[in-house]
Amino acid sequence: MITAEFDYQRVSSVADAVAALQAGGEDAKLLAGGHSLVPLMKLRLAAPSRLIDISGVPGLAGIERDGAQWRIGALTPHARLAASDVGLLNRVAATIADPQVRNRGTIGGSLAHGDPASDLPAAVLALDGSVVAHGPDGERTIAASAFFSDYMETALAPDEMLCEVRVPAMDGYGFGYEKFHRRAEDWAVVAVAAAVKVLDGACVDVRVALTNMASTPLRAGAVEAALRGQPATAEAVAAAAQRAAEGTDPPADLDADADYKCHLARVLCERALVAALAPA
Amino acid sequence: MSGSVTVHLTVNGVEHELEVEPRRLLVHALRDDLGLTGTHVGCDTSNCGACTVHLNGDAVKSCTILAVQAEGSAVTTIEGLGGEGNLHPLQEAFWNDHGLQCGYCTPGMIMASAALLAENAHPSEAEVRHALDGNLCRCTGYHNIVKAVLSAAEAGAGAPVAS
Amino acid sequence: MSATAEPHVGRPLRRKEDPRLITGRARYVDDISLPGTLWAAFVRSPEAHASIVSIDTSAATARPGIHAVLTGEDMADLAGPLPMAWAPPGVEVNNPPHWPLARGSVKHVGDPVAVVLGEDRYAVVDAAEDVIVAYEPLPVAIDPEQAIAGAPYVHPELGTNQVHSWTLAGGDLEAGFAAADVTIQRRVINHRIAGAPIEPRGVLADYRAGALTLHTSTQVPHFVRLFVALLLGLSEEKVRVIAPEVGGGFGAKLQVYGEEIVACWASRALGRPVKWIETRSENMSVTHQGRDQIATVRMGATRDGQITAYHVKILADLGAYNMLLTPLIPSLGAFVMGGCYKIGAVTTEITGVFTNKCPTDAIRGAGRPEATHMIEVMMDQMARELGIDRLDLRRRNFIPKEDFPAAVATGVIYDSGDYVASLDKLLEHVDVDAFRAEQAQLREQGIYRGIGFSTYTEICGLAPSRITGPAGVGVGAGLWESAMVRVHNTGAVTVYTGTSPHGQGLETAFAQIVADRLGVDPSVVEVIHGDTGTGPEGRGTYGSRSLANGGEAVAKATDKVVAKAAKIVAAELEAAPEDIEVSGGKFSVKGSPEKGMTLAEVAGIAYIGAVPEGMEPGLEETTFNDPENFVFPFGAHACIVDVDTATGKVNVVRYVAVDDCGNPVNPLLIAGQVHGGIAYGIGQALYEHVVYDDDGQLVTGSFVNYALPTAAELPNFELDHTITPSPSNSMGVKGVGEAGTIAATPAVTNAVIDALAPLGVDYINMPLTPMRVWRTIQEAQAR
Ligand SMILES: Cc1cc2nc3c(=O)[nH]c(=O)nc-3n(C[C@H](O)[C@H](O)[C@H](O)COP(=O)(O)OP(=O)(O)OC[C@H]3O[C@@H](n4cnc5c(N)ncnc54)[C@H](O)[C@@H]3O)c2cc1C
Ligand code: FES
Ligand code: FES
């Protein structure tokens, strides 16, 4: 209920944040919406010695269309994303927790936290998105496919700050996100994100990613390969979805053992693909 | 480590300057430092919503926000929504429709509902149910809470509909 | 003062208690602060079973602002362990000591080992982390069926894990089964759940100048006072226990908890008020839980659908200790084991077993939801076996209306009932034929919809002391209830009740009862409760007793006031007291309503002292009501569910409930109780489950995974009622606080089985989680 003690510092620029991270040592943590970090700290499952509050850094909460891509500021709260036109991510963001959490949690925090049960990581992965990080050596762009390295671990260096998320605009794609959870406010037991482009009745591009099926979000490569180039039919989708659990390694938990999760992945994959194929 | 930090909050329209430990939760600043005990704590995992207040107009869980994070913000609590003699339509509706029993979840429910109606003045039953999915009630089975929100909406509790 | 001729009883008055609650001005324990308060934080066992090798409190004590760190040894002067108040005549109950702070060993995760007391709410939590406890882990007993079979033992000194065994038998069971053409048997599980009121527990103890005031979030302030006084060696009048606003209880606050004793002890020792507010994580691991029964249930019937015998063998997992009523709870179900059916032979055998888990005790329904679940799922199973319609089978066995008051095989006398009427009423709302057509159609589209019924009765209004008390079932207390009605000089009224409501709206309901009898408006009737420092001795709130027992006491005390007032009025108006009636807000002579006195006028005379000769001045009366019988609410519920067979997820589509709780006092409050009760039952059936792993670690330690349903998971509930007054009290009322919970789980379960029947599923145990439902379908398909 009560966090351990820590030092607190508010920063107003990305450069200050990075400098503070460097000065703060191993135990310093950025604080964005605080809706992953503070709950952990309250249960004393995390006890950073210093929090660097980036929530007041200007210019990082916004969504902008830039040619063929969307640029989403790291501090954009889920609620804003849910109300936006960003394909797939809008419907994914709307499934996160409850309105109060969506008002506070940010996309940057969600990705940086690296929790495979979070919703946005798989979605950004499905879209072949990328993140822009700032560190002492300046800016670098990290592809989503290289970003999630392990359970609650990412490619971000301890002194790097995630500033922006970029995803392709995916014009002409259909989207589906099927999240299976016991209650509306719960985390996903398993979820499947899909984006499909159909041309002349054929699935010319298929992107599918899985939430909570391994220690990181995963692309369902076997499904994508099986459906790509196939006719956009229920049969083709059903057949492809059968391969959704290939290459996964889902951890068992209270609500689901590995077997059941694999089964859910197949069921949800089919539903997500069907949704993606449904006329908008 | 830590020491104390000065925080400026405008709570229910009144400005406050507080000296708090960085780890002080907003809910404790409101309850223990400012004596606004209408905001409750029902869990330690951000699930129950009993602590819901408005932060710059948005419904938030004040148990999951550090007081320092609210620096410079405007906070509205149940006490600021309306009091005896000038009840907010939602308070009136909760009373009329028996939307509460033990009352512990009620301030959070009302604040979450107020945020919903500010955004969506005429929600459907399903929209109300989903908008309240971050608030737990153990007494009412939600039936009368949902009814109260719908009747408050009917009575014009939400933002005026843009025409 | 306004008074209408129309009675207030029966009207849906909005609640008197709400203005403070909707404005945030109510005061729960944590809202109360006293100068100089010390905060308490408990150090709790991470082990399910271990001996305590050492406790090092030095680092914690050395922290700034920490006043003391106490262990079980420090509290060696307690007069005894925590109470267990059930001594059934002729039954042996193993009852090892249960100390507020562990002595020598810990028996479940969360068992308190030490308490830190200090100036600051946050700093005591830091200090608690600094208390170093060395544990030597001991083998754990987790599975109740293994635990009853032998070692390891939760309490090794007992040489067994058995708590007790208790049987209630009526009728000739052997003959009943011999007369049966068909006998079926099922293993029926009522899994462990948490009470989970949204307000966790909290205490604020203030010992000053030889007297102790304890604010505690409890349903039973008087019991708490008694045991605080006994354990601390204080004279009872020096202890005042106040239950301020209480944020829900559901049985979880019907208890005398160690933290209450510790806070009082520490306040006395340190000379400062002491406050402890439970966290939700603590609540999930140490606040008593409920249900947790594995039952072998056998039912025999003739081919034409007469139930001839019913035999239930329950293994009740009681957790690590006996608390106030722990081993009694399953027995409460035994009294209504046969449900609303006329069954000649009913036997319930209960064995209690210790495990290294949180103790169980009363949780909403306490024993009766388990019993109702068993009989109602078995009725469906039997109907299927016999090829008789489920509702027909019920009708063939209903205790007929003419039989009431009806003595049943379990030895109790059901007060009143009309089970056919409530089922008929239900079917006015639920068209079963239309449903079957719809169901068939939906199945063709791959949607598995099912309907389930539950026709229930329960026993509540606890309780006639002669039945439940020491000479009866063995509860170590009379369970009567008190009320005091005080008319003030101006005719305003204060009612003191010994019940201790926490959300049920009794301030309103009791005011309605009093207002009618005294000819005043409910707005001038204040109801005071939950404070041992005011009003008479009381017994608290549980077992749906507040209205049938506490409300009856209020009615009787008011009637005494009326009788005295009538004498005063009779003297003033020169009439006979028996000719005085209350009507139109006045005490007047029958037949001449124009001449009359208001209550204010009567009170004026009573307090000026101009009363008739031989009469004491004043207008105030007290009653202790000990009911003659329990009350037996009943009803018929229907639940319609959709099962997503691909994922196993169950969605409640529709829920219709017809309940009969006798004469209604306030329909608004009744509906609220039924709504909440149904949600509680649906929660248990579909979402909630307290889970311990094989090592005794609590898996569901917070609201993240102890899944209370939210508004988004539940439908609106459709309610209706029948009215069959109870002869057990003068108002004809019955309890309704638990009815919804008691009825709901079998309705949901039967609905799921009905939905899945075409897939070969014939039975499933709760909780009906998606994985379990999905797996059950897989298994059925594989058969
Ligand atoms: C009750 C509840 C339910 C939830 N349910 C869901 C759910 O269903 N699905 C879901 O996806 N999420 C869920 N969440 C998590 C929520 O979405 C979080 O808000 C989000 O995961 C983290 O965002 P944040 O801004 O709050 O991050 P914070 O908590 O502030 O930070 C999280 C981590 O990321 C780091 N970090 C934050 N921002 C940056 C940055 N810009 N650069 C580098 N590092 C950074 C922090 O140092 C920290 O380690 C839930 C949270 C709660 C409280
Ligand atoms: S107390 Fe804030 S969500 Fe429960
Ligand atoms: S009214 Fe008691 S928790 Fe909602």
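Figure 1. At 8% relative accessibility, Arg182(A) counts as buried (buried means under 20% relative accessible area, exposed over 50%, partly exposed in between; 1.4 Å probe, protein chains only). In this predicted model, local features need pLDDT of at least 70, side-chain atom pairs count only at pLDDT 80 or more, totals for chains, interfaces and linings use all residues, and side-chain values use heavy atoms, with hydrogens and water left out. Residues are numbered from 1 along each chain as its sequence is written, while chains are lettered from A and ligands numbered from 1 in the order in which they are written. Arg182(A) forms a salt bridge with Asp255(A), with 3.4 Å between the closest N and O atoms (a salt bridge is a side-chain nitrogen of Lys or Arg within 4 Å of a carboxyl oxygen of Asp or Glu). The pair links distant parts of the chain, 73 residues apart: Arg182(A) is in the loop between S11 and S12 of chain A, and Asp255(A) in the loop between helix H10 (234–241) and helix H11 (258–277). Helices (H or I, at least four residues) and strands (E, at least two) are DSSP runs, numbered from the N terminus. Asp255(A), at 27% relative accessibility, counts as partly exposed.

**Figure 2. Surroundings of Val189(A).** Val189(A) is placed in the loop between strand S11 (173–180) and strand S12 (190–199) of chain A. Its relative accessibility is 6%, so Val189(A) counts as buried. Leaving aside neighbours within four places in sequence, Val189(A) is in contact with several residues, including Phe180(A), Asn212(A), Asp255(A) and Leu264(A) (contact means heavy atoms within 4.5 Å).

**Figure 3. Two salt bridges within chain C.** Arg44(C) and Glu259(C) form a salt bridge, the closest N and O atoms being 2.9 Å apart. Arg44(C) lies in strand S1 (residues 38–44) and Glu259(C) in helix H7 (residues 258–270) of chain C, so this pair ties together parts that are 215 residues apart in sequence. Arg44(C) counts as buried at 15% relative accessibility, and Glu259(C) counts as buried at 5%. The side chains of Lys357(C) and Asp317(C) also meet in a salt bridge (2.6 Å, N to O). Lys357(C) is in the loop between strand S15 (345–354) and helix H10 (368–386) of chain C, and Asp317(C) is in strand S14 (residues 307–319), so the pair ties together parts 40 residues apart in sequence. Both Lys357(C) and Asp317(C) are buried.

**Figure 4. The interface of chain B and chain C.** Contacts join 51 residues of chain B to 55 residues of chain C. The area buried between the two chains is about 4,500 Å², with carbon and sulfur atoms giving 55%; buried area is the accessible area (1.4 Å probe) that two parts lose on being put together, summed over both. Trp95(B), His98(B) and Arg138(B) supply 20% of the area that chain B buries against chain C, more than any other three residues.

**Figure 5. Charged residues of chain B and chain C.** Six salt bridges are found across the interface of chain B and chain C. Asp32(B) forms a salt bridge with Arg121(C), and the closest N and O atoms are 2.9 Å apart. A network of salt bridges links Arg24(B), Arg31(B), Asp32(B), Asp33(B), Asp30(C), Asp31(C), Arg121(C) and Lys275(C).
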